[in-house]
Amino acid sequence: MGTLHQRLADYYYKPIFTKTSFDPAVFKKIEEAMGFFNTGLEAQLFAAGDSLTIADFSLMATVSTYDALKFDLTPYPNVAQWFERCKKTMPGYEINQKGVEKFVERILPMLPK
């Protein structure tokens, strides 16, 4: 989670606060981190095995933000399946989603065009 969230922050927050362009090299780091997570989900349903744990809640907060920012999960089938599974089974998912939607609504106007 620390890697996924940090890379989200590195890619999106810097342009917001410094009014600079997005850095494609930083986006590659996002893809790398998502690839690590995808590999980590091989042969298991959730982040730490086949049961929902606190790790999944933490990861969901970040992955749902990526999703709201239109990051394509298609190249990461294990992550996409995990995400759909969590949306259906995770208690409180809808509460997180409301917060994500408010967050994205606030930052979208600040993103460089």
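The model is predicted, so local features need pLDDT of at least 70, side-chain atom pairs count only at pLDDT 80 or more, and totals for chains, interfaces and linings use all residues. Residues are numbered from 1 along each chain as its sequence is written, and side-chain values use heavy atoms, with hydrogens and water left out.

T62 lies in helix 3, residues 54-68. Helices here are DSSP runs (H or I, at least four residues), numbered from the N terminus. T62 is buried, at a relative accessible area of 3%; buried means under 20% (1.4 Å probe, protein chains only).

The largest nonpolar core has 30 residues. Such a core is a set of buried Ala, Val, Leu, Ile, Met, Phe, Trp, Tyr and Cys residues joined through side-chain atoms within 4.5 Å. L4, M34, F37, V63, V79 and W82 touch the most other members. Helices 1 (2-18), 2 (24-40), 3, 4 (77-89) and 5 (93-107) each give two or more residues to this core.

Contact means heavy atoms within 4.5 Å. The table leaves aside neighbours within four places in sequence.

| Residue | In contact with |
|---|---|
| T62 | M1, L4, H5 and L8 |
| V79 | M34, F37, N38, L41, V63 and L73 |

Helix 3 and helix 4 pack at about 110°, with axes 11 Å apart. Axes are lines fitted to C-alpha atoms over the stretch in contact, and angles run from 0 to 180 degrees between N-to-C directions. Helix 3 is therefore roughly perpendicular to helix 4 (65 to 115 degrees). From helix 3, D56, L59, M60, V63, S64 and D67 meet V79, W82, F83, C86 and K87 of helix 4.

Definitions and conventions: Buried means under 20% relative accessible area, exposed over 50%, partly exposed in between (1.4 Å probe, protein chains only). Angles under 35 degrees count as roughly parallel, over 145 as roughly antiparallel, 65 to 115 as roughly perpendicular and the rest as oblique.
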